[in-house]
Amino acid sequence: MQPRSTSRTAAGVAVAALLGLLISFLGTSGGQATAAPTGIRVANGKVTEANGSTFVMRGVNHAYAWYPDRTTSIADIAAKGANTVRVVLGSGDRWTRTSASEVSSIIGRCKAAKVICVLEVHDTTGYGEDGAATTLDRAADYWIGVKSALEGQEDYVVVDIGNEPFGNTNYSAWTNATKAAIVKLRNAGLRHALMVDAPTGARTGPTPCGTTPPPSSPRTPTATRSSRSTCTGCTTPRPR
């Protein structure tokens, strides 16, 4: 089976960033899950870097899970003016597991190229419709398994828990599955900014919450929105 295409234009990474709201703290009914105010985080409705400066992503994907030999890709992307690279990883559930040592190497290349590293598990793509896809819970287990490579990298890494989980069916389970995965990661000691992808592949159409939130919401970030699919109770990224 051929991997899903991950190419995007440089301008499109801003849209890609909207597929997941960066979450730096979260409280849920399933348990308290609070990240320390360090590293990349949400502050006053904006995503900020460790130094407090506003962070706006610009970049593209690097499909590492399928092309691990292309070791210059991150530097090449940075040379085009990107400040972020979203790196496709495998949890071992569908695609070959990306090891902790590989994750460390990827982060090192991102730091050397002076770009923020958004790491994502691709094995969740299409869960609920694609029988080969895995759950967000399994993706959370993967992140805990490579925790040694992530610790201390909060200034440089965003963890995108799972790519496009839940398709156009059974997506009502997305909210609780997402909350549970976040709580699991926080309780395991991961304090990185977290990105969570919207259900239905970010397509236009109904969402678990059903309606569109106001342009600015004071709520604690508890879910995501995409540029094409929104839900009530989600924190809407500030218009730019």
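**View 1. Strands β7 and β8 pair in the parallel sense.** Four bridges link β7 to β8 (residues 157-160) in this predicted model. Two strands count as paired if DSSP finds at least two bridges between them. Strands (E, at least two residues) and helices (H or I, at least four) are DSSP runs, numbered from the N terminus. Glutamate 120 stands opposite aspartate 160 in β8.

**View 2. Strand β7 is mostly covered.** It spans residues 116-121, and six of its six residues are buried. Buried means under 20% relative accessible area, exposed over 50%, partly exposed in between (1.4 Å probe, protein chains only). In a regular strand, side chains alternate between the two faces of the sheet. Ile116, Val118 and Glu120 point one way from β7. Cys117, Leu119 and Val121 point the other way.

**View 3. Strands β6 and β7 also pair in the parallel sense.** Arginine 86 stands opposite valine 118 in β7. From β6 the chain crosses through helix α3 (residues 100-112) to β7, a right-handed β-α-β crossover. Right-handed means that, with the strands pointing away from the viewer, the path from the first strand over the helix to the second runs clockwise.

**View 4. The whole chain has six helices and nine strands.** Of its 240 residues, 51% count as buried.

**Notes.** Residues are numbered from 1 along each chain as its sequence is written, and side-chain values use heavy atoms, leaving out hydrogens and water. The model is predicted: local features need pLDDT of at least 70, side-chain atom pairs count only at pLDDT 80 or more, and totals for chains, interfaces and linings use all residues.
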